Amino acid sequence: KRQACSSVIGDARRKSIDLCKKRGQKVNYETYEVPIVCEWETLSGQDNFKATIEVKYECRNEED
């Protein structure tokens, strides 16, 4: 689960970078917040899990 958690956090980071790029901006790492803990949910099935995290980010202009 721990590896999966860091994978989810990495995916969220890439997604926020991509969303800012689409606006012609970049991620403001001074305000970028990622949770340390993933909330795990067991799905129907023995080894299926879903991790939920909340990432707070904002975009800023390239010049800032």
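Trainee: How much accessible surface does the protein have, and what percentage belongs to carbon and sulfur atoms?
Mentor: First, a word on the source: this is a predicted model, where local features need pLDDT of at least 70, side-chain atom pairs count only at pLDDT 80 or more, and totals for chains, interfaces and linings use all residues. Residues are numbered from 1 along each chain as its sequence is written, and side-chain values use heavy atoms, with hydrogens and water left out. Accessible areas come from the Shrake-Rupley method with a 1.4 Å probe, and for residues only the protein chains shown count as cover. The surface comes to about 5200 Å², and the carbon and sulfur share is 45%.

Trainee: What pattern does the protein follow along the sequence?
Mentor: Helices (H or I, at least four residues) and strands (E, at least two) are DSSP runs, numbered from the N terminus. There's 1 helix and there are 4 strands. Read in order, that gives α-β-β-β-β.

Trainee: Which residues form the disulfide?
Mentor: The term means a pair of cysteine sulfur atoms within 2.5 Å, and the structure holds 1 of them. Here the sulfur atoms sit 2.0 Å apart, and the partners are Cys-20 and Cys-59. That pair links distant parts of the chain, 39 residues apart: helix α1 (residues 2–22) holds Cys-20, and strand β4 (residues 59–61) holds Cys-59.

Trainee: Is Cys-20 buried or exposed?
Mentor: Buried means under 20% relative accessible area, exposed over 50%, and partly exposed in between (1.4 Å probe, protein chains only). Cys-20 has a relative accessible area of 0%, so Cys-20 counts as buried.

Trainee: Which side chain does the side chain of Asn-28 join through a polar contact of 3.5 Å?
Mentor: Asn-28 lies in the loop between β1 (25–27) and β2 (39–42), and is buried at 9% relative accessible area. A polar contact is a pair of N or O atoms within 3.5 Å; within protein, one must be able to donate a hydrogen and the other to accept it, and residues adjacent in sequence count only if both atoms are side-chain atoms. The partner across that 3.5 Å is Arg-60.

Trainee: Which residues does Lys-56 touch, not counting those up to four places away in sequence?
Mentor: Lys-56 lies in the loop between β3 (49–52) and β4, partly exposed at 44%. Contact means heavy atoms within 4.5 Å. Leaving out residues up to four places away in sequence, Lys-56 touches Thr-31, Tyr-32 and Glu-33.
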